[in-house]
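Biologist: I would like to go through the backbone geometry and the charged residues of this model. Could we begin once it is on the screen?

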Amino acid sequence: MASSEVWLPIPATEIDGLPDAFEYRFWEGGEFPADPADCVLYTVPYMKGPVIAVEPLPHMPAVRVVQTLTAGVDHVAPALETMRPGVRLCNARGVHETSTAELALTLILASLRGLPDFLADQVEGRWRPVIRPALADRNVLIVGYGAIGAAIEERLLPFEVARVDRVARRAREVGRGEVRALSELPELLPHADVVVLTVPLTEETRGLVDAGFLSRMKDGALLVNVARGGVVDTKALLAETRAGRLLAALDVTDPEPLPVGHPLWGTPGVIVTPHVGGPSSAFLPRAKRLLADQLRRFADGEPLRNVVAVSGEPPSQG
């Protein structure tokens with residue numbers, strides 16, 4: 001292999017088990033560490049924004065693999081359209097499920113049990129016991145049943161929920177039961193007390209949660225978004241939450257970052273966290289294990305994990 005450089009956003013000396021077949025370069029933005037033309041596998045810097053994510057790609061004619069450290073690849077996928085055929089784009093399936101599922105449960109419980117109100121009362125020294133909904137006996141609808149959706153269901157079950165419905169792009173059977181197709185959402189939404197969004201952002205899912213979607217949710221239902229902000233029509237969501245008909249707990253927003261003074265910040269019944277589903281203490285050790293395994297596979301010519309797109313090929317319909 002004439003070119004054998006790998007760009008990593010984590011120093012190679014901090015990752016156990018990397019193969020000796022490559023020259024490793026550390027880069028997470030700024031001045032390039034070497035000639036990008038020699039890079040054969042590029043790992044996208046984590047949480048550095050979409051501009052930095054794709055910055056070196058036009059200068060990487062030899063790159064064969066682009067590896068993200070995120071579950072979503074919407075910030076990188078468009079760049080594949082201008083790359084030579086055969087470049088594989090891999091996501092970080094297996095890295096973020098635990099942390100994102102934890103946050104989803106945190107948001108559900110905080111909203112249902114009224115934690116923001118109690119924290120505000122604590123600041124003012126007010127003692128105001130109130131009866132709030134429990135997660136127990138609620139119906140939960142997971143929209144986007146991939147690895148993160150499955151991890152959320154796993155954590156929901158000990159809370160004695162009444163029912164979990166699962167929806168994905170295509171209907172199928174999984175170990176826990178039936179996964180329904182997106183086309184069945186109108187039938188399922190009126191029965192859900194909690195709707196959790198974990199879909200990737202694609203042309204099909206952009207604006208999926210629009211006024212029609214929200215109007216089918218029952219009064220008092222909770223919308224939880226740990227997917228991407230663009231999945232939800234913010235204007236439509238504001239209309240429902242300002243009216244007090246729906247609750248929302250959002251780790252992602254549109255726009256993002258959410259600007260100072262945006263009405264979502266102050267809408268009663270809305271919880272906003274700053275896109276922190278993935279970044280936790282669980283991230284780094286899992287990311288390192290993924291990179292070591294992926295690079296070993298690449299060096300040995302074995303199939304790579306988590307290939308979600310290949311340049312020059314139509315999107316997978318799986």
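Biologist: Where is M47 placed?

Modeller: M47 sits in the loop between β3 (39-43) and α1 (50-54). Please keep in mind that this is a predicted model.

Biologist: What is the phi of M47?

Modeller: The phi of M47 is near 60 degrees, which is a positive value in a residue other than glycine. Most residues other than glycine have a negative phi.

Biologist: Is M47 buried or exposed?

Modeller: M47 counts as exposed, because its relative accessibility is 55% and the cut-off for that class is over 50%.

Biologist: What about the phi of N306?

Modeller: N306 also has a positive phi, near 65 degrees, and is a residue other than glycine. N306 belongs to the loop between α9 (283-300) and β14 (307-310).

Biologist: And is N306 buried or exposed?

Modeller: N306 is buried, with a relative accessible area of 15%; the class requires a value under 20%.

Biologist: Let us turn to the peptide bonds. Which kind of bond runs from D254 to P255?

Modeller: The bond from D254 to P255 is cis, with omega near 10 degrees. P255 is in the loop between β12 (247-250) and α8 (263-266).

Biologist: What joins E256 and P257?

Modeller: E256 and P257 are joined by a cis peptide bond as well, with omega about 0 degrees. P257 lies in the loop between β12 and α8, and E256 is placed in the loop between β12 and α8 too. As background, most peptide bonds are trans.

Biologist: Which residues form the negative surface patch?

Modeller: The patch consists of D210, D233, D254 and E256. Of these, E256 is partly exposed, with a relative accessible area of 41%.

Biologist: Now the salt bridges. How many does the structure hold?

Modeller: There are 17 salt bridges in the structure. One of them pairs R176 with E154, with the closest N and O atoms 2.7 Å apart. That pair links distant parts of the chain, with R176 in the loop between β8 (172-174) and β9 (177-181) and E154 in helix α4 (residues 147-156), 22 residues apart.

Biologist: How accessible are R176 and E154?

Modeller: R176 is partly exposed at a relative accessible area of 42%, and E154 is partly exposed at 43%.

Biologist: Which residue forms a salt bridge with K218?

Modeller: K218 pairs with D193, and their closest N and O atoms are 3.1 Å apart. K218 lies in the loop between α6 (211-216) and β11 (222-225), and D193 in the loop between α5 (185-188) and β10 (194-197), so the pair ties together parts that are 25 residues apart in sequence.

Biologist: Is D193 buried or exposed?

Modeller: D193 counts as buried, at 14% relative accessibility, whereas K218 is partly exposed, with a relative accessible area of 29%.

Biologist: One last topic. Which residues are linked in a network of salt bridges?

Modeller: The network links D293, R296, R297, D300, E302 and R305. Within this group, E302 forms a salt bridge with R296, with 3.3 Å between the closest N and O atoms. E302 is partly exposed, with a relative accessible area of 30%, and R296 is partly exposed at 32%.

Key. Residues are numbered from 1 along each chain as its sequence is written. This is a predicted model: local features need pLDDT of at least 70, side-chain atom pairs count only at pLDDT 80 or more; totals for chains, interfaces and linings use all residues. Side-chain values use heavy atoms; hydrogens and water are left out. Helices (H or I, at least four residues) and strands (E, at least two) are DSSP runs, numbered from the N terminus. Buried means under 20% relative accessible area, exposed over 50%, partly exposed in between (1.4 Å probe, protein chains only). Patches are made of residues with over 30% relative accessible area and no salt bridge: like charges are joined within 9 Å, nonpolar side chains (Val, Leu, Ile, Met, Phe, Trp, Tyr) within 5 Å. Accessible areas come from the Shrake-Rupley method with a 1.4 Å probe; for residues, only the protein chains shown count as cover. A salt bridge is a side-chain nitrogen of Lys or Arg within 4 Å of a carboxyl oxygen of Asp or Glu. Lys and Arg count as positive and Asp and Glu as negative; His and the chain ends are not counted. The place of a charge is taken as NZ of Lys, CZ of Arg, CG of Asp or CD of Glu.
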